[in-house]
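Please look at the sequence and the structure together, and follow the text from one part of the chain to the next.

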Amino acid sequence: MAAYSMLSVQMALFLALSCTSITHKAASFTFNRGISSLVTTRVAAKTARYAVTKEAVEIWRQKAGFGTVKVQDNSSNDTTTNNNEASTTLITAATAAADIANEEHQAKVAQAVQTDDDSSNAEEEEERYMPPWSLATQRAPSSKAFSRFRQHVNPLSRRFQMPTDLPENWPYSDFTNVNLPLYLDIGCGKGGFLLELVGRRHGNDYPDGTDTYMNNTRLFTDTTDEWLPSTMNYLGLEIRPGVSQYAQNRVEKRGLSGKLSFVGCNANVDLDRLLSLYTESAETEVADSDGGSNNDLKFVSIQFPDPHFKKSHTKRRVVTPALVTTLAKFMNQGGVVFLQSDIKEALEAMREKFVEDDGLVYFDEHCDDDDCKIVDGTEEEYGLANPLGIPTEREVSVLNQDLPIYRTLFLRNDVSYPSKSSDLARNL
């Protein structure tokens with residue numbers, strides 16, 4: 001009977017240890033989040049099994065009478081009772097020890113999971129508060145997907161209201177000579193128009209047959225000399241992430257680095273900062289005859305912007321009163337703002353901002369009799385020809401379909417900024 005009781009004790013110990021092993025193997029399988037986590041779990045399981053084994057054996061030795069408690073041989077009933085009590089005690093102690101070890105192990109697992117989640121959350125938070133133009137593109141420049149992008153974004157969303165990241169030494173990082181007038185194209189897209197414009201003016205044309213758009217523009221006469229200085233810098237702004245990166249890669253391929261640059265940003269957030277950095281970068285000893293800086297904003301084009309047709313989306317349009325004020329702030333007399341669209345409503349919405357408030361104070365609409373006809377004093381026909389001669393990709397597509405394009409042009413007048421008239425106009 002004593003031998004049978006000892007066997008029961010040993011089997012109970014074996015079962016307790018086996019249950020502990022199975023529990024920890026299951027925990028290891030559930031928490032398999034990588035090699036490091038698996039290794040940590042296995043080590044914890046081994047430690048727990050060792051603790052259970054050590055404690056169970058010590059209790060068993062004490063209660064079973066090995067070395068510490070002697071069992072009376074003259075009474076078989078007492079011996080059986082003592083051995084049964086020792087067996088029960090052993091099972092209870094082993095189970096309790098296994099539960100404690102399992103709880104400690106689960107606590108370590110939970111702590112490891114929390115640490116991993118905190119790390120992931122930190123990375124997500126960092127990405128969430130990073131300007132979308134600063135996120136590295138996942139597309140290879142050589143892949144076809146690199147040139148495919150979303151057509152629309154919401155400029156009022158939180159991520160697009162963040163200021164863009166610029167090189168520490170901008171604009172020196174992008175332009176060889178910062179003492180030149182600036183051409184600004186707002187909503188430049190993939191940059192085809194500026195690449196063609198700068199390429200033609202500075203002798204870096206694409207060879208025939210290498211680009212469909214470039215080939216189509218050969219049919220149009222370059223008239224930029226009538227409106228632009230012979231030498232200047234060119235800057236394109238684009239809000240869609242990835243598009244500005246794609247355009248900048250094209251600059252290097254065309255060999256126009258140092259003259260042309262593209263920046264991904266929201267113009268209604270970053271324009272004032274960009275123009276401040278550019279105009280303040282001029283060297284003081286290089287000035288024009290009037291004593292002012294010669295790297296002012298000379299020409300601005302806003303061509304075929306997203307019309308945002310829905311009434312609830314009109315506030316997303318790129319031309320806002322604040323944008324008009326910023327342009328007036330950095331333009332000298334004679335500066336040009338050129339607007340065009342194939343949607344009459346979109347052009348009129350842009351024009352409206354230049355004939356009201358600060359636009360009314362600082363800009364005059366350029367309207368020749370042959371170009372701009374007013375019917376009954378209210379309806380405008382925008383028949384202005386493209387002053388630059390070089391079309392955009394959208395413009396080529398619209399003209400090929402024999403559809404109308406609506407254009408207008410504003411000139412910066414001689415009213416200095418800021419003006420008291422500007423405050424008066426805003427209060428009217």
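In what sense do strand β5 (residues 331-341) and β9 pair, and over how many bridges? In this predicted model, the two strands run in the antiparallel sense and are joined over six bridges, and along this pairing valine 336 stands opposite leucine 411 in β9. Strand β9 also pairs with strand β6 (residues 363-366), again in the antiparallel sense, over four bridges, and here phenylalanine 363 has arginine 412 of β9 as its bridge partner. Because six of the seven residues of strand β9 (residues 406-412) are buried, this strand is largely enclosed by the rest of the structure.

Another pair, tyrosine 183 with phenylalanine 299, is stacked, at 5.2 Å centre to centre and with 5° between the planes. This pair links distant parts of the chain, since tyrosine 183 lies in strand β1 (residues 182-186) and phenylalanine 299 in strand β4 (residues 297-303), 116 residues apart. Why does tyrosine 183 count as buried? Tyrosine 183 does so because its relative accessibility is 0%, while buried means under 20%; phenylalanine 299, at 0% relative accessibility, therefore counts as buried too.

A ring can also have a charge over it, as at tyrosine 246, where the charged end of lysine 190 sits over the ring, 5.9 Å from its centre.

Notes. Residues are numbered from 1 along each chain as its sequence is written. This is a predicted model: local features need pLDDT of at least 70, side-chain atom pairs count only at pLDDT 80 or more; totals for chains, interfaces and linings use all residues. Side-chain values use heavy atoms; hydrogens and water are left out. Rings of Phe, Tyr and Trp (its six-membered ring) pair if their centres lie within 6.5 Å; planes under 30 degrees apart count as stacked, over 60 as edge-to-face and the rest as tilted. Buried means under 20% relative accessible area, exposed over 50%, partly exposed in between (1.4 Å probe, protein chains only). A charge sits over a ring if NZ of Lys or CZ of Arg is within 6 Å of the ring centre and within 35 degrees of the ring normal. Two strands pair if DSSP finds at least two bridges between them.
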